[in-house]
Amino acid sequence: MTIRVLIADDQEMVRVGFRMILESQPDIEVVADVPDGVSAVQRARELRPDVCLVDIRMPGLDGLEVTRRLAGPGVADPLKVVVVTTFDLDEYVHTALTNGASGFLLKDAGPTLLVEAVRAAVRGDALVSPQITVRLLRHFARPGPVRAQAPNEPLTDRELEVVRAAARGLTNTEIGAELFLSLSTVKTHLASVQAKLGARNRVEVAAWAWRSGLMDQG
């Protein structure tokens, strides 16, 4: 299967560079690159790419608003959005992921991580730059006014194990290896967890795990 990607960044050199990196892969095709947020939303809705790579600071609409319109709460048929930026401010990361982003990468993360972020989004994984992950999880773990919502029905012991692994940043493949589960079984458990929690993606599942205190339990 060919992964169809849209690139949105106000710097032409960045768009050209990303296109070269992605199209060097046999399974990835860049279907459009645009310089602003308004065009990103319009073209994404027209083309329905598998993944949208979106910069934060763009004219028209910023990347956080683009993410919300394409992948956020209330979007009937959300797209996969990976935010790629030079700015790793905590509020940007948190807002992007809350708005439905399937990943958050820094532009200096390198070609390998860029390609992996695209593939991870298609798989349903969420890749976040390693230097961001620890801070992000600490943010979710902080006590605050937002309490973790109780699941619609209790999670099974196996589901709790999968959630803990996902909240530590493991991919589906890594979870399977650690828990001796097939990839399809991991996906089934995560889908069940998302349904029980009313979560849109694995990032929200991870956030719930940290807010609920699950990660503090043995």
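Predicted model: local features only at pLDDT ≥ 70, side-chain atom pairs only at ≥ 80, totals over all residues.
Of its 218 residues, 45% count as buried, and the protein exposes about 10,600 Å², of which carbon and sulfur atoms supply 53%. If we take the contacts between residues at least 6 apart in sequence, 65% of them join residues at least 24 apart.

Let me start with strand S1, which covers residues 3-8 and is mostly covered itself, since five of its six residues are buried. On the one hand, S1 pairs with strand S2, residues 28-34, in the parallel sense over six bridges, and within that pairing Leu-6 stands opposite Ala-32. On the other hand, S1 is joined to S3 by four bridges, and these two strands also run parallel, with Leu-6 standing opposite Cys-52 in S3. Between S1 and S2 the chain passes through helix H1, residues 12-23, and the three elements together make a right-handed β-α-β unit.

Which residues does Leu-6 contact, once we leave aside its neighbours within four places in sequence? They are Val-31, Ala-32, Val-34, Ala-40, Arg-43, Ala-44, Pro-49, Val-51, Cys-52 and Leu-53. Leu-6 also belongs to the largest nonpolar core, a set of 27 residues, where Leu-6, Cys-52, Val-66, Leu-70, Val-81, Val-83 and Phe-104 touch the most other members. The elements that give two or more residues to this core are S1, S2, helix H2 (37-47), S3, H3, strand S4 (80-85), helix H4 (90-98) and strand S5 (103-106). There is also a second, separate core of 18 residues, and among its members are Ile-7, Val-82, Val-115 and Ala-121. As a general background for this, nonpolar side chains in soluble globular proteins tend to be buried together.

Let us move on to strands S4 and S5, which run parallel and are joined by four bridges, with Val-84 standing opposite Leu-105. S5 is covered on both faces, for Gly-103 and Leu-105 on one side are buried, and so are Phe-104 and Leu-106 on the other.

Next comes the loop between strand S3 (51-54) and helix H3 (63-71), which is where we find Asp-55. Is Asp-55 buried or exposed? Its relative accessibility is 4%, and because the cut-off for buried is under 20%, Asp-55 counts as buried. Not counting residues up to four places away in sequence, Asp-55 touches Ala-8, Asp-9, Asp-10, Gly-63, Val-84, Thr-85 and Lys-107.

Met-58 has its place in that loop between S3 and H3 as well, and with a relative accessible area of 9% Met-58 is buried. Its contacts, again without residues up to four places away in sequence, are Ala-8, Asp-9, Asp-10, Asp-36, Gly-37, Gly-63 and Val-66. Gly-37 lies 21 residues from Met-58 along the chain, yet their C-alpha atoms are separated by 6.0 Å.

For a contrast, look at Met-1, which is found in the segment before S1 and which is exposed, with a relative accessible area of 75%. Leaving aside neighbours within four places in sequence, Met-1 is in contact with Asp-27 and Val-122.

Which residues of H5 are buried? They are Leu-114, Val-115, Ala-117, Val-118, Ala-120 and Ala-121. Just after H5, Gly-124 takes a positive phi of about 95°.

Helix H10, residues 202-211, has seven of its 10 residues buried, so it is largely enclosed by the rest of the structure. The buried residues there are Arg-202, Val-203, Val-205, Ala-206, Ala-207, Trp-208 and Ala-209, and just after the helix Gly-213 takes a positive phi of about 85°.

Notes. Residues numbered from 1 in each chain as written. Heavy atoms only, no water. Buried < 20%, exposed > 50% of the residue type's maximum accessible area, 1.4 Å probe, protein only. Contact = heavy atoms within 4.5 Å. Pairing = 2+ DSSP bridges. Right-handed = clockwise from strand over helix to strand, strands pointing away. Areas by Shrake-Rupley, 256 points an atom, 1.4 Å probe, with all protein chains shown as cover. Core = buried A, V, L, I, M, F, W, Y, C linked by side-chain atoms within 4.5 Å.
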